[in-house]
Amino acid sequence: MKQKIAKYVSQNVIGMVGLSVYILADTFFISWGFGADGLAVLNMTLPLYGLMFALGSMIGIGSSVVYSIRKASGGDVSTVFMQSIGWTILISIPFMLMGIFIPKQVLAVMGADAALQEMGQGYARLCLMFAPFFMCNYTFTAFCRNDKAPGTAMVAQLSGSAFNIVFDYVFMFVCGFGFTGAAMATICCPGLSMVICLTHFLGKKNTVPFKRTRLSFTFLRKAVPLGMSGFVGEISNGFTSFVFNYLCLGLGGNVAVAAYSVIANISLVVISIFNGISQGLQPLISTSYGKGRKDDVRLVVRSGLVITAVAETIFVVCAFLFTDQMIGIFNSQHNPKLLAIAHSGLQLYFLGFIFAGINIFLLAYYSATANARIVVTGSLLRGMILIALYGFILSRLFGLNGLFLSLLCSELTTFAVIIFMNRMSRSKSGN
């Protein structure tokens with residue numbers, strides 16, 4: 001079991017980091033070519049990515065949990081994959097329509113002024129039009145992991161990111177497509193990732209059935225609560241960006257938004273590692289839980305908590321030791337105001353990761369064991385309710401520094417609520 005834990009965690013963490021790298025590549029090349037205004041536009045599109053990723057993650061991961069538990073207990077799994085793909089495509093349609101008809105208006109809602117709308121409309125249009133690719137990719141990689149092919153999922157995610165890094169530069173600067181070129185490279189990533197996953201699904205080792213079926217609301221009601229931790233884990237990035245962008249505009253204008261963009265994009269890598277740990281161990285937890293192997297479940301959970309705690313410590317220490325070096329990668333124009341805001345902001349924001357990683361793992365554990373009540377409550381608290389509440393209150397009291405501290409307060413409160421709900425649940429069950 002320990003070898004399986006190491007294998008699933010390492011391969012999935014590498015894959016998830018690879019998935020986040022293509023957004024970092026966008027950030028780097030856009031900052032290089034378009035400066036603070038380009039960073040501001042990119043950060044205003046992050047909520048769109050966040051919502052697409054969140055919905056895709058919710059259905060894909062939730063469906064894969066249903067698949068693992070049913071399969072381990074001998075249930076029918078013949079239509080699970082196709083249900084997941086069908087619902088994901090259906091939910092992606094509104095994003096496609098917004099991309100086709102109203103990309104500038106969408107950016108306006110995100111807080112972009114007329115100049116930023118003009119700069120970013122091509123980027124937003126392409127990313128929204130190809131929403132099905134971004135969203136379905138979660139189902140493909142989640143089912144690969146749950147079908148004992150985490151290596152294939154890792155290669156798929158890394159290949160997509162590598163393509164993006166190379167072709168960001170090619171499309172933006174060699175071909176002269178500018179800001180829109182970044183979107184052209186980005187939309188290819190999930191497509192390539194899914195093609196690589198197909199090499200497993202069409203191979204001899206595949207055990208995932210692809211039986212055609214009508215979409216079922218009953219299935220959706222089962223999958224959605226179990227994917228809620230993945231949903232909020234992804235949407236919290238977009239929702240937090242939306243709240244922080246709004247508050248940053250009032251407190252420091254576009255430069256403050258650009259500074260937060262740097263922090264947010266560095267944070268994406270950290271969050272991806274926490275998600276990689278939790279999603280990597282989910283198949284092992286779900287399978288052991290479905291077979292009634294409580295000792296294996298405890299072993300996986302203890303190992304996951306230790307790995308997460310070590311990772312949290314490393315990230316917080318690095319944020320304080322290498323602050324300016326991390327910011328400098330994306331501050332190509334050496335903007336002193338951006339550096340000043342991002343310096344203190346990065347350190348304060350990263351304090352929140354002391355509890356964020358543990359919360360992500362605990363919610364993934366409750367999701368993998370079908371404890372929807374704790375998953376939904378904890379996910380909504382940390383991903384939406386508390387971050388907005390603390391953000392508005394602390395920014396009024398302490399300005400930008402208070403805003404960046406709101407992540408710590410949100411995650412600490414969520415951790416306390418999860419522990420309380422767990423104890424209440426165990427006392428009622430007599431355990």
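Isoleucine 277 sits in helix H9; helices here are DSSP runs of H or I with at least four residues, numbered from the N terminus. Isoleucine 277 is buried, at 2% relative accessibility. Buried means under 20% relative accessible area, exposed means over 50%, and partly exposed lies in between (1.4 Å probe, protein chains only). The model is predicted, so local features need pLDDT of at least 70, side-chain atom pairs count only at pLDDT 80 or more, and totals for chains, interfaces and linings use all residues. Residues are numbered from 1 along each chain as its sequence is written, and side-chain values use heavy atoms, with hydrogens and water left out.

**Positions and distances**

- Alanine 372 belongs to helix H14, which covers residues 372–429.
- Alanine 372 is partly exposed, at 26% relative accessibility.
- From the C-alpha atom of alanine 372 to that of isoleucine 91 is 22 Å; along the chain the two are 281 residues apart.

**Salt bridges**

- The whole structure has four salt bridges. A salt bridge is a side-chain nitrogen of Lys or Arg within 4 Å of a carboxyl oxygen of Asp or Glu.
- Glutamate 118 and lysine 104 form one, at 3.2 Å from N to O. This pair links distant parts of the chain: glutamate 118 is in helix H4 (residues 114–129), lysine 104 is in helix H3 (residues 103–109), and they are 14 residues apart.
- Glutamate 118 is partly exposed, with a relative accessible area of 48%. Lysine 104 is also partly exposed, at 29%.
- Aspartate 295 pairs with arginine 298 in a salt bridge, with the closest N and O atoms 2.9 Å apart. Both lie in helix H10, three residues apart, so about one helical turn separates them.
- Aspartate 295 is exposed, at 59% relative accessibility. Arginine 298 is partly exposed, at 44%.
- Arginine 382 meets glutamate 411 in a salt bridge of 2.8 Å, N to O. Both of these residues, arginine 382 and glutamate 411, are buried.

**Surface patches**

- Patches take residues with over 30% relative accessible area and no salt bridge; like charges are joined within 9 Å, and nonpolar side chains (Val, Leu, Ile, Met, Phe, Trp, Tyr) within 5 Å.
- Accessible areas come from the Shrake-Rupley method with a 1.4 Å probe, and for residues only the protein chains shown count as cover.
- A nonpolar surface patch is formed by Leu90, Ile93, Leu97, Ile100, Phe101, Ile102 and Leu215, with about 610 Å² of accessible area together.
- Leucine 215 is in the loop between helix H7 (179–201) and helix H8 (217–226). Its relative accessible area is 38%, which means partly exposed.
- Lys4, Lys148, Lys291 and Arg293 gather in a surface patch of positive charge. Lys and Arg count as positive, Asp and Glu as negative, and His and the chain ends are not counted. Each charge is placed at NZ of Lys, CZ of Arg, CG of Asp or CD of Glu.
- Lysine 291 is in the loop between helix H9 (228–290) and helix H10 (294–321). Lysine 291 is partly exposed, at 43%.

**Cysteines**

- The structure holds zero disulfides; the cut-off is a pair of cysteine sulfur atoms within 2.5 Å.
- Cysteine 188 is in no disulfide, and the nearest cysteine sulfur, that of cysteine 189, is 7.1 Å away. Cysteine 188 is partly exposed, at 29% relative accessibility.
- Cysteine 409 is in no disulfide either; the nearest cysteine sulfur belongs to cysteine 248, 16 Å away. Cysteine 409 is partly exposed, with a relative accessible area of 27%.

Key: Helix = DSSP H or I, 4+ residues; strand = E, 2+ residues; numbered from the N terminus.
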